[in-house]
Amino acid sequence: MKSAKVLVALFLYGCFMVRECIQHDNNEPVKTALLQTWAEKLYFELWNCGEYITNRKSLQTKYNKESKLEARNGQILVANISSVIKSMMDKKQQSLKRILESVEQVAVSAHDDEPPGNDYKIRNSKPKKATPDTNILLNDLKENSHFYNTPVNTTYSSVHIPTYVYDRATEVIKAIKWSENLDATFKKNYETDPRLSWQYFGSTTGFMRQFPAMQWPEEPEDLYDCRMRPWYVEAAASPKDILILVDNSGSMMGQSKIIARHVINTLLDTLSVNDYVNVLVFSNVTNEVVPCFKGLLVQATLANIRELKLGVENIADPNNISDFSEALTRAFDTLETYRERNMGAMCNQAIMLVTDGVPENFYELFKSHNWKNGTMGMPVRVFTYLISRELPEIRDMQWMACANHGYFVHLSTVEEVREQVVHYLPVMARPLVLHQSHHPVIWTPLYADVTDPKMTDYLWEKEECHQQYNDTISYKKTKDKFFYPKNIAKREQDRKRKELDQNVNVNRQKKHNLITSLAMPAFDKKTEMTKVAHLLGVVGTDVPEADLREAMSPHILGVNNYAFIVTNNGFIVTHPDLRPVFGDILKPNYNSIDVTEVELVESDNNARVFDRSILTLRDYIINQTTGDREITVKYHYDNIRRATTAERHYYYSIVEGTPFTVVVALQEKHFGYRVKIPERFQTLNTTRTTLLDLFKDDEWRIHPDWLYCRYAYDDGDNTSFKTPEDELKHFLKRISKTDNSWNKWPPPRFYSESYDCTYIYILLLITCFL
């Protein structure tokens, strides 16, 4: 109320100043001295108003006299943050290796076991979708804040099986049976590192075993297949350049065209941002389905995949006779260009041929384009997808795939497409599996936990149609008034308001859990006379984006300073200005936001014409170097209501062993200092018995983004608190005790009672109140 009165008084004073300006003789220029007087008066009133509202003097007196200011050292800050994140990732990686060892050992021991009988039951995450009388009920599921408040059971795992995979198939049920032995490893990992998120094993047969057990949501329709997820795709096969050739001759009519479109869309769904792809349609001529991708391989981001799918949807009606030689030659030439110029993925290359038949095996073409160094050194694999209801002559199609180290698939119905198409992944993984000595660890870019990109595309298209529907109804009601400039401006303003009216923190937590994942491929190490490259699947665990934000110590960075993480592709993993959701819908390119799109340089360039300074910074970041640069940037504040410019000093450092780089952005001119904690408070030994006395009243609150202390396990009532303030009081009470392990600071972590406490937060808090 007092603040409101002060603002009213300031407003009236401003009106008085304006009236004084108006009454001034307009014919006589305003003198500099008079302007200076007005500026000083306004400055004085604004300063007093701000001092009163912020209670600045009272806050200053609360800091102990021994507290001093010290300059923030950006290089030390970014190095410390990188070290913290590396330690966190190392723990996840150790847990992952334990799962991997268990998978490979158990698979070998169970290799010769008979498949379980019909009386064998499994803990299915989708009991209503499973074969009747084959499931064990998931009992004692309790909401757990550590797993996004999902009801889980942390004593065992459950199995998710895709809708189109038969859960009693021999290979599927056999692998489900032996993978039950992973539960002991899952539980041990969770006890060792209670901050560990979901743990899982995705099998090449299609099922996924995840810990802890949970019941899969029934809405929306379950489209989840672990073999289509980024963590599986990136770990199962190395980065790759893919050219998809789709036959559009006159014979590809009706059902054949529908199946071909599903094959292409499924192939596109199995790609990640480390892959490069294009789709060519051919009959008597060969063209790209997206004209602006002519002669290119584009990075397989969600936005590019969406464009390719739209291009496939708009392929013209089949006609003419296909010229396979021209299509194959163009594909080989494009891949050779990228290979020689070190562009694209710079790893594996493959051609996917989708057709209803070939006139010959094109031996001479393959000999001249792919076998220049012999059949053992061919650079491109060829995969063939034959579409036909009848059993055609398949010899040439099979030969083309086998002679070029690929795989042949015969498809006759839409239903079998998703299951058959993914067979190319184990083939691409063969070189890696044959070595067996090296299990690469991959880190995915940011993505939504279980949300299927196809569902996101559908919802986004639905939102656009809804907007068009509203505009149509508005036009019918207003007729010509619809095109009045003021009405056009109002509609545009409403759309912008809808887009901007998003709280950043809430935006991230709406409905979608944003994560990055660590994953490793699991190999079949069964010793046989003939060496076989068999991929068992992929093991993985998640790192929530919220954990990464927390690890970047916002309390140390200070106001208007921040840190963010960028991948080696230049994409943002976490950033204060990352807004991946519009309403409740993920934006089409939410996980491929480039650093140049969030750090806006102060320049006169047109949109999408990036300044050389930010491009140079981006190059240093994606090349994973360590250093610093200063750039003048534009930024918004006050919930995107205002904007200004500032000179920021960017410090960047790699997170060793990962594709991530941490960047710290400091405004050193105005926000380059922080409070230094007096040395005598470093141990809290002199004050711990009186800590609770400092927090008796109710005139204090905890910053919503800061963590002081919390239990790492969620045990319901014993570790849940109504407010963050109650949680802090609980831990301060424990700190005050001198008869237990909390007598030493920071307190140790136990398996039975695990907790996380931020030492610096506590020290700063106590220093402020003493």
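Predicted model: local features only at pLDDT ≥ 70, side-chain atom pairs only at ≥ 80, totals over all residues.
Local features were taken at pLDDT of at least 70 and side-chain atom pairs at pLDDT 80 or more, whereas totals for chains, interfaces and linings use all residues. Residues are numbered from 1 along each chain as its sequence is written, and side-chain values use heavy atoms, without hydrogens or water.

The protein chain contains 24 helices and 29 strands. These are DSSP runs numbered from the N terminus (helices, H or I, at least four residues; strands, E, at least two). Of its 770 residues, 48% count as buried. Buried means under 20% relative accessible area, exposed over 50%, and partly exposed in between (1.4 Å probe, protein chains only). The accessible surface of the chain is about 39000 Å². Carbon and sulfur atoms account for 52% of that surface. Areas come from the Shrake-Rupley method with a 1.4 Å probe; for residues, only the protein chains shown count as cover. Contacts (heavy atoms within 4.5 Å) were considered between residues at least 6 apart in sequence. Of these, 73% join residues at least 24 apart.

The search of the whole structure found 25 aromatic pairs. Rings of Phe, Tyr and Trp (its six-membered ring) pair if their centres lie within 6.5 Å; planes under 30 degrees apart are stacked, over 60 edge-to-face, and the rest tilted. The pair of Phe147 and Trp198 is tilted, because the ring centres lie 4.8 Å apart and the planes meet at 55 degrees. This pair links distant parts of the chain, 51 residues apart. Phe147 is in the loop between strand 2 (142-144) and strand 3 (150-153). Trp198 is in the loop between helix 6 (183-192) and strand 5 (199-203). Both residues are buried. Ring pairs join Phe147 and Trp198 with Phe186, Tyr190 and Phe211 in a cluster.

Tyr635 and Tyr637 also form a tilted pair, at 6.3 Å centre to centre and 45 degrees between the planes. Tyr635 is buried, at 18% relative accessibility. Tyr637 is partly exposed, at 37%. The ring of Tyr635 also has the charged end of Arg648 over it, 4.7 Å from the ring centre. A charge sits over a ring if NZ of Lys or CZ of Arg is within 6 Å of the ring centre and within 35 degrees of the ring normal. The charged end of Arg491 is likewise placed over the ring of Phe482, 3.6 Å from its centre.

Helix 21 spans residues 612-622. Its buried residues are Ser613, Ile614, Thr616, Leu617, Arg618 and Ile621. Their cover includes strand 19 (562-567), strand 23 (600-601), strand 24 (627-637), strand 25 (642-654) and strand 26 (660-666). Gln624 follows helix 21 and has a positive phi, near 55 degrees.

Asp396 lies in helix 12 (residues 395-403). Its relative accessible area is 19%, so Asp396 counts as buried. Leaving out residues up to four places away in sequence, Asp396 touches Val358, Pro359, Glu360 and Asn361. Asp396 and Val358 are 38 residues apart in sequence, yet their C-alpha atoms are 7.2 Å apart.

At the surface, Tyr43, Phe44 and Trp47 form a nonpolar patch with about 380 Å² of accessible area together. Tyr43 belongs to helix 2 (residues 32-54). Tyr43 is exposed, with a relative accessible area of 55%. Patches are made of residues with over 30% relative accessible area and no salt bridge; like charges are joined within 9 Å, and nonpolar side chains (Val, Leu, Ile, Met, Phe, Trp, Tyr) within 5 Å. A salt bridge is a side-chain nitrogen of Lys or Arg within 4 Å of a carboxyl oxygen of Asp or Glu.
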